[in-house]
Amino acid sequence: MKNALQKPLAQLERPLALVACDLDGTLLNENSEVSPENQKVLIDCLDQGIKVLLVTGRPYRFAKTLRDSLDPRIGIISYVGAYLDLDSESENRAYPMSKAQIEQMLEISENFDLECYLKSIDTVYAYNAPSGIGLYPKEIMQNVELKDPHLALNQEILKTIYFGRDYSQVLELRKALESCPEFTITDGGFGGCEVVRHDRNKGVALSEALAYFGIPRAASIAFGDSHNDLDLLAASGLGVAMGNATAELKAAADYVCLKNSEDGVAEVIKSILAEA
């Protein structure tokens, strides 16, 4: 853990104005729940006028269900930055892949024996997907099985995930896709890779949210645990990696807090609020 918490906190402009939290492995504990301690500190932030954003690679509908159980004042950045619902005053923003981008992605991926899940705002289009790792309960998302992934070409696809038990194939596909400037490729920590269009990632979306709210970067803090949080932490005034985060993210972070199972998010925010 990087020294005393007080040192990195000096990077923040007072008062803190925005908190951005990844979900899996960060705000959510090992039971995929928000602990009472984490929930309380987020509501304390909202009551003090501090904006709170859930920032995730998961579908919007998953994040919205969680937000509805916590507090309606919370904003959402989902699909690795490809869909934004910042507050009740603004229109939601969607950034789907173009048909040409989807075609190019599918042309490259057809050389690999991997599960494919193309995701729109309300539907998962699954191809060659025996594990079902990218599917959701029907009350959250519709699940449609495709015999040909090209049948999803006319849909507004916000994100695609590829998964395979042979991780070497995932790595080979990732390398092939990363050579194309049309895509942003990230790893959400589930043993697969995520694909969104080239101009989207969590950091881009956070910067857009800060501009929308008129909040300087130095007044923001972001929490994450995985590869797809690198841009998120870099775009914030203070980037915090969880104690259970990847070594890559810990090395890039300003501070490493307690694990998600130990309420690391609450630990840091309570320290900030105590100093305000």
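**A walk through two sheets**

Strand β6 (residues 115-119) runs antiparallel to β9, and five bridges join the two. Before going further, please keep in mind that this is a predicted model, in which local features need pLDDT of at least 70, side-chain atom pairs count only at pLDDT 80 or more, and totals for chains, interfaces and linings use all residues. Residues are numbered from 1 along each chain as its sequence is written, and side-chain values use heavy atoms, with hydrogens and water left out. Helices (H or I, at least four residues) and strands (E, at least two) are DSSP runs numbered from the N terminus, and two strands pair if DSSP finds at least two bridges between them.

On to the next partner: β9 and strand β11 (residues 192-197) pair in the antiparallel sense over four bridges, and here F163 faces G192 of β11. How many residues of β9 are buried? In this strand, which spans residues 159-163, five of five are buried, where buried means under 20% relative accessible area, exposed over 50% and partly exposed in between, computed with a 1.4 Å probe on protein chains only. In a regular strand the side chains alternate between the two faces of the sheet. In β9, K159, I161 and F163 point one way while T160 and Y162 point the other, and all are buried.

Now step back to the sheet around β9. Six strands form an open sheet with mixed pairing, in the order β8-β7-β6-β9-β11-β10. The edges belong to β8 (142-146) and β10 (183-186), each of which has a single partner strand, so one side of each is left without a neighbour in the sheet. Neighbouring strands here are turned by 20° against each other on average, direction ignored; axes are lines fitted to C-alpha atoms, for helices over the stretch in contact, and angles run from 0 to 180 degrees between N-to-C directions. At the β8 end, strand β7 (residues 123-127) pairs with β8 in the parallel sense over five bridges, and Y125 stands opposite V144 of β8.

R174 lies in helix α6 (residues 167-178). Is R174 buried or exposed? With a relative accessible area of 13%, R174 counts as buried. Leaving out residues up to four places away in sequence, R174 touches I185, T186, D187 and H227, contact meaning heavy atoms within 4.5 Å.

The other sheet is open too: eight strands in the order β5-β4-β3-β2-β1-β12-β13-β14, again with mixed pairing. Its edge strands are β5 (93-94) and β14 (255-256), each pairing on one side only. Strand β1 (residues 18-21) and strand β2 (residues 51-55) run parallel and are joined by four bridges, with C21 opposite L54 of β2. Helix α4 (residues 60-70) packs on this sheet, touching β2, β3 (75-78) and β4 (83-85), and its direction makes about 155° with that of β3.

Setting aside residues up to four places away in sequence, V52 touches V19, L42, C45, L46, I74 and G75. V52 and I221 are 169 residues apart in sequence, yet their C-alpha atoms are 9.9 Å apart in space.

The axes of helix α3 (residues 36-47) and helix α10 (residues 264-275) come within 9 Å and cross at roughly 35°. The crossing is left-handed, that is, the near helix is turned anticlockwise from the far one by less than a right angle, whereas clockwise would be right-handed.

Finally, the cysteines. The structure holds zero disulfides, a disulfide being a pair of cysteine sulfur atoms within 2.5 Å. For C21, the nearest cysteine sulfur, that of C45, is 8.4 Å away; C21 is buried, with a relative accessible area of 0%. For C180, the nearest cysteine sulfur is that of C193, 12 Å away, and C180 is buried at 12% relative accessible area.
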